[in-house]
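Please open the model in your viewer and keep the sequence panel beside it. The stops below say what to select and what to look for.

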Amino acid sequence: MSMTDSMNETRGVHTVEKIGGTSISRSRELIDSIWIGDREGSDLYNRVFVVSAYAGMTNALLEHKKTDEPGVYALFSNADNDHGWMDQLNRVGIMMREKNAEILSDAGDRKVADDFVRERIEGARTCLFDLQRLCSYGHFRLEEHMMTTRELLSGLGEAHSAFTTVLLLRRHGVNARFVDLTGWRDESHPDLNVRIETAFADIDLAQELPIATGYAQCREGLMREFDRGYSEVTFARIAALTKAREAVIHKEFHLSSADPKLVGVDAVKKIGRTNYDVADQLSNMGMEAIHPKAAKTLRQAGIPLRVANAFEPHDPGTLIDAEPASEPRVEIITGLPVISLELFEQDMVGVKGYDAAILDALKRHRVWIVSKTSNANTITHYLEGSLKSIRRVEHDLAALYPSAEIKVRKVAIVSAIGRELRGLDVMLNSLIALKDAGIEPLGAHETGRGVDVQIVVAQEAMDVAVKSLHRTLVEGEAAVELKAAA
């Protein structure tokens with residue numbers, strides 16, 4: 001059966017589902033929830049799973065996402081110690097085999113999984129060693145190959161988790177199939193669509209359960225644009241190309257009105273229903289339901305997204321689609337520590353180019369813009385990134401505008417988000433709530449779309465501010481609506 005025939009036959013039937021690293025690390029528990037649970041026979045199929053690497057594996061392969069502790073990639077790129085990256089690669093191999101032992105109870109399955117790990121690790125070692133040796137000659141530059149190296153290493157993690165998952169499912173009687181999108185030993189270099197279409201061309205979704213790697217090697221180079229957000233992009237593209245009925249992301253928690261650890265489990269509310277506008281705002285605030293580019297793919301394909309708790313399989317979770325809200329409501333309160341970069345220049349009034357120069361420096365040093373404000377002679381960006389990178393931006397701007405005053409300080413943005421906030425006096429009620437909590441706002445932003453309100457506070461006041469706004473706008477939202485109606 002061709003892929004086109006298969007898609008036409010199963011259109012509107014199958015789902016494409018993603019499992020993140022934290023959840024898939026609890027694979028044995030997933031057998032009793034989303035993979036099998038109370039399903040039997042044909043109910044096991046018409047699903048495609050896209051998996052991330054096991055928790056901690058990509059950090060060990062690349063670098064730690066939060067601490068920047070070097071992994072194989074970082075050690076190889078720095079090359080301060082010729083053997084440092086090899087030692088780290090050995091440690092990754094040990095981590096992978098330990099994970100196999102934890103997940104697979106059958107000795108034969110563990111041997112197959114360990115052999116798979118050994119083949120991939122040794123293949124990567126040979127490739128990196130040959131590249132390092134080649135670049136010891138002056139004609140070849142290592143930096144020209146680093147993005148390819150990063151993708152090669154990252155793909156090891158997803159290939160490992162997908163392969164091990166297939167062995168686990170087969171042992172439990174499921175006709176699972178390993179779908180390797182990493183391009184391992186593949187001499188072709190297709191674009192992402194062709195990579196996916198080729199891999200799924202002969203899969204019968206009604207009788208097979210595909211387990212696909214979150215990383216897909218392709219001509220576009222996913223990591224060049226998305227870095228470690230690539231798995232959701234792959235997931236969304238698979239859903240679009242196979243014309244899925246629904247896309248599902250399984251997390252270890254529900255998408256709630258705030259962090260339950262912060263405001264209390266009894267105080268938070270499961271969102272239940274929202275739209276892609278809200279998902280984009282959550283992503284911007286570091287509380288990512290889905291990568292915005294992945295959300296765009298699903299939105300354009302008309303595919304709704306469900307965010308579910310992987311360990312509560314009978315709970316429908318939260319549905320995200322393109323529909324507007326039936327009534328105005330604050331759906332979520334979240335906060336994000338950021339760094340403000342303020343550039344004051346008396347000569348800025350009426351002069352173009354300042355914005356472009358600042359954006360160029362931020363892009364050059366890979367700093368993410370969360371929000372910005374400006375007036376006649378001041379531009380302030382609220383940024384997410386390492387302080388080291390932001391100091392480099394500051395240095396570049398000081399050299400470009402020697403008479404400017406540039407201030408860098410740690411602050412936080414607290415945001416109220418919802419599909420429709422207009423008519424609720426969210427800004428007014430937020431400022432009153434913060435005043436009652438003894439918190440002085442350092443800035444406030446609201447656009448005309450009625451999707452979010454952002455308030456800047458001192459970083460140490462962020463948690464109290466989130467709890468205060470949640471108590472006023474979510475727990476007490478009925479009172480806010482009545483006040484708005486009055």
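## Stop 1: helix H16 and its cover

Select strand E9 (332–344), helix H15 (354–364), strand E11 (378–384) and strand E12 (405–417): they are among what covers the buried residues of H16. Helices (H or I, at least four residues) and strands (E, at least two) are DSSP runs numbered from the N terminus; covering is judged by contact, heavy atoms within 4.5 Å. This is a predicted model, in which local features need pLDDT of at least 70 and side-chain atom pairs count only at pLDDT 80 or more, while totals for chains, interfaces and linings use all residues. Residues are numbered from 1 along each chain as its sequence is written, and side-chain values use heavy atoms, with hydrogens and water left out.

Now select H16 itself, residues 387–400. Its 14 residues reach 20 Å from first C-alpha to last, close to the 20 Å expected at 1.5 Å a residue (the expected span is 1.5 Å times one less than the number of residues). Colour Ser 389, Ile 390, Val 393, Glu 394 and Leu 397, which are buried. They lie on the same side of H16 because they cover an arc of only 145 degrees around the axis, taken from the directions from the helix axis to the C-beta atoms. On the other side of H16, Lys 388, His 395 and Ala 399 are exposed. Buried means under 20% relative accessible area and exposed over 50%, with partly exposed in between (1.4 Å probe, protein chains only).

## Stop 2: Ser 415 in E12

Stay with strand E12 and pick Ser 415. Is Ser 415 buried or exposed? At 1% relative accessibility, Ser 415 is buried. A polar atom of its side chain lies 3.1 Å from the backbone oxygen of Val 453. Leaving aside residues up to four places away in sequence, Ser 415 touches residues including Met 285, Ile 332, Thr 334 and Asp 452.

## Stop 3: the eight-stranded sheet

Next, display the open sheet with the order E3-E4-E2-E1-E5-E7-E8-E6 and mixed pairing. Strands E3 (176–179) and E6 (273–275) are its edges, each pairing on one side only; two strands pair if DSSP finds at least two bridges between them. E6 runs parallel to strand E8 (residues 318–321), joined to it by three bridges. To see one of them, select Arg 273 and its bridge partner in E8, Leu 319.

## Stop 4: Met 96 in H6

Finish in helix H6 (residues 84–103), at Met 96. Met 96 is buried, with a relative accessible area of 2%. Beyond residues up to four places away in sequence, its contacts include Met 57, Leu 61, Val 117 and His 160.

Notes:
Polar contact = N/O pair within 3.5 Å; in protein donor to acceptor, adjacent residues only side chain to side chain.
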